[in-house]
Amino acid sequence: DDQIEQERASQHLAGGCCALAAIYLMGKFYVANAGDSRAIIIRNGEIIPMSREFTPETERQRLQFLALLRPELLGKEFTHLEFPRRIQPKELGKKMLYRDQNMNGWAYKKIEEDDLKFPLIYGEGKKARMMATIGVTRGLGDHDLKVFSSNIHIKPFLSCFPEVRVYDLTQYEHCPDDVLVLGTDGLWDVTNDKEVAAVVMEVLTSYEPNDPCRYTMVAQELVVRSRGVLKERGWRLANDKLGSGDDISVFVIPLGGPGNYT
């Protein structure tokens, strides 16, 4: 993250990205995630999550707590409180559900003038945005990102620190059909964990266990199925739903070799 900031100054490069990394050291996989990519292990048909997405929804309490501590970061345009919907001026003095950084559930409060500001976190699912700008709250870069038509910087709320999960390969016997799947959000936007596992098993069983290209073919099939087929109404999946419009990168890494196939 510091290097990106240096390049921004020296080479006038702007922008940012998410990061998902897997490192194998002394019998263990270390999976680090900063952003909304995802990693899962598929072992004997079982799905083992190796990351979680960092979005305004999943990091709501961290973001709201920072806004509470440093209200100047909100530029007098946003409120750190969250409401079920946008409040209208005519609702001043009325009661509405709200929650803050300490709450998982909701409570009532009397609407005040300050509550009319735009919520720090607004929307649900893929439409959730922080400061109506960005849907990912961890990653690298984005030092120049600001709220549209304002001087409010987004960077103080973005974290470059990943969450790391560890998987010990020595604890299990792995066959050639056991894999680690790494994918960007373009894959997971339209394909869930179970669907990915089904594609993995379908493709792997069509190749010999000692054929090294079988894993590349799984990754290729996951990309193709998530993008869909170009039709008159855009890219469509097999079920006629919209295909992924985001970038799709997929790695499929075997956890076991042909020698211990059972």
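## The surroundings of R99

Apart from its neighbours within four places in sequence, R99 is in contact (heavy atoms within 4.5 Å) with R60, Q64, L81, E82, N104, G105 and W106. R99 is found in the loop between strand 7 (95-98) and strand 8 (107-110), where strands (E, at least two residues) and helices (H or I, at least four) are DSSP runs numbered from the N terminus. With a relative accessible area of 17%, R99 is buried; the term buried stands for under 20% relative accessible area, exposed for over 50%, and partly exposed for what lies in between, with a 1.4 Å probe and protein chains only.

The side chains of R99 and E82 are joined by a polar contact of 2.8 Å, while a polar atom of the R99 side chain lies 3.3 Å from the backbone oxygen of N104. A polar contact is a pair of N or O atoms within 3.5 Å; within protein, one must be able to donate a hydrogen and the other to accept it, and residues adjacent in sequence count only if both atoms are side-chain atoms.

## How the model was treated

This is a predicted model, in which local features need pLDDT of at least 70 and side-chain atom pairs count only at pLDDT 80 or more, whereas totals for chains, interfaces and linings use all residues. Residues are numbered from 1 along each chain as its sequence is written, and side-chain values use heavy atoms, with hydrogens and water left out.

## Salt bridges across the chain

Side chains of opposite charge can pair when their charged atoms come close. The whole structure holds 22 salt bridges, each being a side-chain nitrogen of Lys or Arg within 4 Å of a carboxyl oxygen of Asp or Glu. One of them is formed by K155 and D1, at 3.0 Å from N to O. This pair links distant parts of the chain, since K155 is in the loop between strand 12 (140-141) and strand 13 (163-168), D1 is in the segment before helix 1 (2-11), and 154 residues separate them. K155 counts as buried at 15% relative accessibility, whereas D1, at 23%, is partly exposed.

Another salt bridge brings together the side chains of R38 and D193, at 2.7 Å from N to O. Because R38 lies in strand 4 (residues 38-43) and D193 in helix 4 (residues 193-204), the pair ties together parts that are 155 residues apart in sequence. Both R38 and D193 are buried. E59 and R138 also meet in a salt bridge, at 2.8 Å from N to O, and this pair ties together parts that are 79 residues apart in sequence. E59 is buried at 5% relative accessibility, and R138 is buried at 16%.

## Where the two domains meet

The domain assignment, which is automatic or taken from a database, gives domain 1 (1-52 + 162-254) and domain 2 (59-141). Their C-alpha centres lie 32 Å apart, and 13 residues of domain 1 are in contact with six residues of domain 2. Between them the domains bury about 780 Å², 56% of it on carbon and sulfur atoms; buried area is the accessible area (1.4 Å probe) that two parts lose on being put together, summed over both.

Three salt bridges are found across this interface, along with five residue pairs in polar contact, both residues at pLDDT 80 or more.
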